[in-house]
Amino acid sequence: MLPATDDTIAAVASPHGAAARGIVRISGPGTTSLCEQFFTPDLPGDQPGGWPGPVNSNHARRHTGTWRIGIDSDPPRPLPVDLHLWPNPHSYTGQLSAEIHAVGSPPVLQKLLEELLAHDSPTVRVARPGEFTLRAFLAGRIDLVQAEAVLGVIEAEDHAGLEVALRQLAGGLSGPLAQLRSQLVDLLADLEAGLDFVEEDIEFVSR
């Protein structure tokens, strides 16, 4: 059974291990509300909910500020973050989505995620493996071939395997298939028109 797609999910989206930067991703209807409650912008009035751009914008808006995180402190410490927010259906998942870019410390990222999951209004649950990509597929943002390519990129063991997966993800196979499908649909329309007007002196498609 497919998991529900009308709830809000979150997960650490960067690779395991320490790094300069790490990412926690959120997707679902409660995304903006969560960000407003945890995030404090550097610039007054630059709240995530105050999206001034066009609704059909394809680009995320980047907010710089701090995220409230309770690491052995009361009150919680402010963690410097960059918040990238897609408050429209043009995100990867086709839903309200956000990425929290912070220092790539596994304990920090895990604590950030835990506090999101512990929040009760709106409620958040941990994303299942591949669930962001599943939502992207169900929303029509990617096709099945590209969804499989995401796994290919993750599991690539060498440069050649990665190149194949990246080409597939960029539409290397989907593009020719879509073109072929379009040609077949046009041909089918001509054949059906020929059957509908078989007694007319009209040739829709040559033998």
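Colleague: Is Phe38 buried or exposed?
Modeller: Phe38 counts as buried because its relative accessibility is 3%. Buried means under 20% relative accessible area, exposed means over 50%, and partly exposed is in between (1.4 Å probe, protein chains only).

Colleague: Before we go on, what kind of model is this?
Modeller: This is a predicted model, where local features need pLDDT of at least 70, side-chain atom pairs count only at pLDDT 80 or more, and totals for chains, interfaces and linings use all residues. Residues are numbered from 1 along each chain as its sequence is written, and side-chain values use heavy atoms, with hydrogens and water left out.

Colleague: How many aromatic pairs are there?
Modeller: Two. Rings of Phe, Tyr and Trp (its six-membered ring) pair if their centres lie within 6.5 Å; planes under 30 degrees apart count as stacked, over 60 as edge-to-face and the rest as tilted. Phe38 and Trp67 are stacked, at 5.5 Å centre to centre with 5° between the planes.

Colleague: Where do those two sit in the chain?
Modeller: Phe38 is in helix α1 (residues 31–38) and Trp67 is in strand β4 (residues 61–69), 29 residues apart. Helices (H or I, at least four residues) and strands (E, at least two) are DSSP runs, numbered from the N terminus.

Colleague: And Trp67, buried or exposed?
Modeller: Trp67 is buried, at 1% relative accessibility.

Colleague: Why is the pair of Phe39 and Trp67 called tilted?
Modeller: Their planes are at 50°, so the pair is tilted; the ring centres are 6.5 Å apart. Phe39 lies in strand β3 (residues 39–41), 28 residues from Trp67. Phe38, Phe39 and Trp67 form one aromatic cluster.

Colleague: Which charged end sits over the ring of Phe38?
Modeller: That of Arg68, 4.5 Å from the ring centre. A charge sits over a ring if NZ of Lys or CZ of Arg is within 6 Å of the ring centre and within 35 degrees of the ring normal. Arg25 does this over Phe132, at 5.4 Å.

Colleague: What is the bridge partner of Arg25 in β6?
Modeller: Glu99. Eight bridges join β2 to strand β6 (residues 97–104), and the two run antiparallel. Two strands pair if DSSP finds at least two bridges between them.

Colleague: How many bridges join β1 to β2?
Modeller: Four, and these strands run antiparallel too. Ala10 stands opposite Ile26 in β2. In their hairpin, six residues lie between the strands, and Gly17 takes a positive phi near 105°.
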